[in-house]
Amino acid sequence: MESSDEVAVEKCRVHLRPGTLRDAACATLHLLPCEVQVNGPAPVERFFTPAIRQGPDGLEVSFRGRRLRGEEVVVPPGLVGYVTVMEEKGEVPVGKDFSERSSNEDEREEQELAEPPEALERDFDQFIGATASFRRFTLWGLETIPGPDAKVRGALTWPSLAAAIHAQVPED
Amino acid sequence: MDCGNGARARQHVFLLPEYLKDASKKMKSGLIFVKLVNPCSGEGTIYLFNMCQQQLFEIKVFKEKHHSWFINQSVQSGGLLHFATPMDPLFLLLHYLRKTGKEGKFQPLNQVVVDDMFPNCILLLKLPDLEKLLRHVTEEKEIDKKKYYKYSKEKTIKWLEKKVHQTVSALKINNINVSARVQANAFFSGDQVSSDKEEDYIRYAHGLISDYIPKELSDDLAKYLKLPETSASLPNPPSKKNSKMTAAQKALAKVDKSGMKSIDSFFATKN
């Protein structure tokens, strides 16, 4: 699965449809401390969500008979979370869709004016779109809430450090 | 594994800069994932380009064993979290400048940034203020209003030194523990940050920057910064993923994050 995505970008470009970033509805995300080997629909709202309890120190739930403890983690400031999906080949471009949907004529004109002069899209390119957005997610640990040195918390400090590494330096 | 139908399509969880959303009001296309050369390893790596505002972003992936996502009414295995953060394009340009720099000639940029393996590198030539950027790492000549560039190692090292100091400031602001030593009072007073020496910060920052430059340049930079030689490659400490660690084990795991630090340490244990 990973490899099919890899092949896709080797030669071509994968376009992220900008309009989908605006239209993405808010999603509920949980990061579980276990590997579920399948990708697909799951009745989260029927089994998982109703079982979540507010305990004395954090949230509690159980999954497959194991007790999980969790807490809400906020996406770092300046960032927004998105869930994206690769479009299947031959799918109707969403891009056309939303420019037609746009009822505001001025906005449409503005879009066309700002369009870069050269054609960025090519026949063999692929497209990816945001299906949902989020500002926070629930981080779960087995028996205990993941501590301050949990890897995922370390990763969330990365954007502020990356900003410093990549900021332009003053000239002499 | 059956991935045939649309409902089972792989979902990627991304953290993107908020301003990309606002920028999207003005464009129908222009956010592109492309594979470009990684300036450290020389291998192909995926970057994100914002063609409208002419920005380059690098993509880092948080990946740890035994994680999965629940996304609304679906499950996504792997528990991957992708970060897109702004990247200084000069690191990528440097890869090409050093390559042609060996010929010792002044050359126009479109003859420098050429790559059969990663043809999308021409996107780099569209970035704004390229001339200003290149002044940090090249000598330039102008003939008939056309610019010619030659890689300068001296200027590059000075530019990298500024990057290191800039990163040191960020490490201090973010309270990142860079100390290699275990000090008993750190467990009690909680102010171990103040006991970190400037040299520890510089070595840590040098390690972070080294993920964007080839080994050879990293070694030259270490010499220039007068960093004492360390046992060449500190093996990554074995990961302690046990959720039932004692307080002392946790403290030790924290102290292990030390020395010359690779960016990988922010994302996952190396496989």
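A word on conventions: residues are numbered from 1 along each chain as its sequence is written, and chains are lettered from A and ligands numbered from 1 in the order in which they are written. Because the model is predicted, local features need pLDDT of at least 70 and side-chain atom pairs count only at pLDDT 80 or more, while totals for chains, interfaces and linings use all residues, and side-chain values use heavy atoms, with hydrogens and water left out.

Let me begin with confidence, given as pLDDT, the predictor's own score for each residue from 0 to 100. Chain A has a mean pLDDT of 82, with 76% of its residues at 70 or more. Over residues 1-9 of chain A, however, the value is below 50, and this stretch has 16 contacts beyond near neighbours in sequence, a contact being heavy atoms within 4.5 Å. Residues 92-118 of chain A are also below 50, with 30 such contacts in the model. Where pLDDT is low, the predicted coordinates should not be read in detail.

Turning to the interface, 90 residues of chain B meet 87 residues of chain A. The buried area, that is, the accessible area (1.4 Å probe) that two parts lose on being put together, summed over both, is about 8400 Å², and carbon and sulfur atoms give 59% of that. There are two salt bridges between the chains, defined by a side-chain nitrogen of Lys or Arg within 4 Å of a carboxyl oxygen of Asp or Glu. A:R135 forms a salt bridge with B:E18, where the closest N and O atoms are 2.7 Å apart.

Now to the sheet, where strands are DSSP runs of E with at least two residues, numbered from the N terminus, and two strands pair if DSSP finds at least two bridges between them.

The chains join where β3 (residues 29-32) of chain A pairs antiparallel with β5 (residues 68-71) of chain B over four bridges, with A:L32 partnering B:S68. Within chain A, β7(A) and β10 (residues 136-142) pair antiparallel over seven bridges, and A:V73 stands opposite A:F137.
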